[in-house]
Amino acid sequence: MMPAFTTSCNELIARWKKLADPAKGSCELDIWPEMETLTSDIISRTAFGSNYEEGKKLFELQNEQIALVIEAIRSIYIPGFRFIPTKKNLRRKQLVKEINEILREFIRKREELMKTDPSSSNDLLGLLLQSNSTESSARLTIEEVIEECKVFYIAGQETTRSLLTFTMVVLAMHQDWQEKAREEVEQICGKNVPDFNAINRLKIMEMILNEVMRLYPPGPELHRYTSKRTNLGNLSIPAGVILTVPLILAHHDPEYWGDDSEEFKPERFAEGVSNAPKDKLAYFPFSRGPKVCIGQNFALIEAKMASTMILQHFSFQLSPSYTHAPCVALNLAPQHGAQIILHQL
């Protein structure tokens, strides 16, 4: 997937260079929507063999769907209200229909392509459709393939978008760490596009990303459903209960991280993730155990690649118009955008 990462990142950098003032070599832009374009393009290329433009309508519909879901979650719950044909309830149903139709068309085109080009089954969608074509009991139905695609489109785009945005914001705030990261990139990669081996040698970048995920976890809370009665410490929890695990609180708790738990200090992770907190279980940006995020390695490699290539071509600082206000939508987001001033190197 590294070539696809490189292609998407190159397009981002080329677009930013075009925006730069020819005289000053700098420009100001909100990187929140920019990172949406980047991560959407990457997940489209790597998982579905398309690109951002082809999946643009799907992303727009899913973003509208997310906004309506959040609005419903924050409203007073009235049993049965979702069945009343209000304007928004009708729109929610329509969105499901439109999204399913787009994905069904993606699947139809891919099935046709797989008949003549076996190599087209190497991405996520191809693997899902291979599972659909088997006759075993583990066979996925087309409806299940569609649901898996929805999850990967959202999870594969929104979370990494949040991580990359807050990484740039934090490095704009802490110029010393931006320079340390750039020096490491120059030492290991030079001006070359980083390959897989180089990505794995970027220890300072890894420390920075871990600290950003500690302070600004893309998914600030986890939800778990008890399928049977479960003992949790001194608690006995019946079946059918949804538990909310606020990992953002654990990541900021002075008991685990010390009195400077609110400060940006990547050196916490100099000896690895398990040695950073006083309790190694206090850090879990990708969850833990059998439910650990299936896209963890994908997201970290993507974030390292994008951050590395940005540092090779630009230095950056916060715009005076930036207001630091992280907020929880579906994932952690900058409430008023992330305005950055880029300087071409």
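## Cysteines

Cys 149 is buried, at a relative accessible area of 2%; buried means under 20% relative accessible area, exposed over 50% and partly exposed in between, with a 1.4 Å probe and protein chains only. Cys 189 also counts as buried, with 6% relative accessibility. The model is predicted: local features need pLDDT of at least 70 and side-chain atom pairs count only at pLDDT 80 or more, while totals for chains, interfaces and linings use all residues. Residues are numbered from 1 along each chain as its sequence is written, and side-chain values use heavy atoms, leaving out hydrogens and water.

A disulfide is a covalent bond between the sulfur atoms of two cysteines. Here the criterion is a pair of cysteine sulfur atoms within 2.5 Å, and the structure holds 0 disulfides. For Cys 149, which is in no disulfide, the nearest cysteine sulfur belongs to Cys 293 and is 17 Å away. Cys 189 is in no disulfide either; the nearest cysteine sulfur, that of Cys 9, lies 12 Å away.

## Helices α4 and α6

Helix α4 (residues 87-116) and helix α6 (residues 142-173) have axes that come within 10 Å and cross at roughly 105°. Helices (H or I, at least four residues) and strands (E, at least two) are DSSP runs, numbered from the N terminus. Axes are lines fitted to C-alpha atoms, for helices over the stretch in contact, with angles from 0 to 180 degrees between N-to-C directions. The two helices, α4 and α6, are therefore roughly perpendicular to each other (65 to 115 degrees; under 35 is roughly parallel, over 145 roughly antiparallel, the rest oblique).

Contact means heavy atoms within 4.5 Å. Among the residues making it are Val 96, Ile 99 and Phe 106 of α4, and Cys 149 and Tyr 153 of α6.

## Aromatic pairs

The structure holds 7 aromatic pairs. Rings of Phe, Tyr and Trp (its six-membered ring) pair if their centres lie within 6.5 Å; planes under 30 degrees apart are stacked, over 60 edge-to-face and the rest tilted. Trp 16 and Phe 314 form an edge-to-face pair, 5.8 Å centre to centre with 70° between the planes. Trp 16 lies in helix α1 (residues 2-19) and Phe 314 in strand β6 (residues 314-318), so this pair ties together parts 298 residues apart in sequence. Both Trp 16 and Phe 314 are buried.

Phe 59 and Tyr 153 have ring centres 5.0 Å apart and planes at 75°, so their pair is edge-to-face. Phe 59 belongs to helix α3 (residues 52-73) and Tyr 153 to helix α6, 94 residues apart. Phe 59 and Tyr 153 are both buried.
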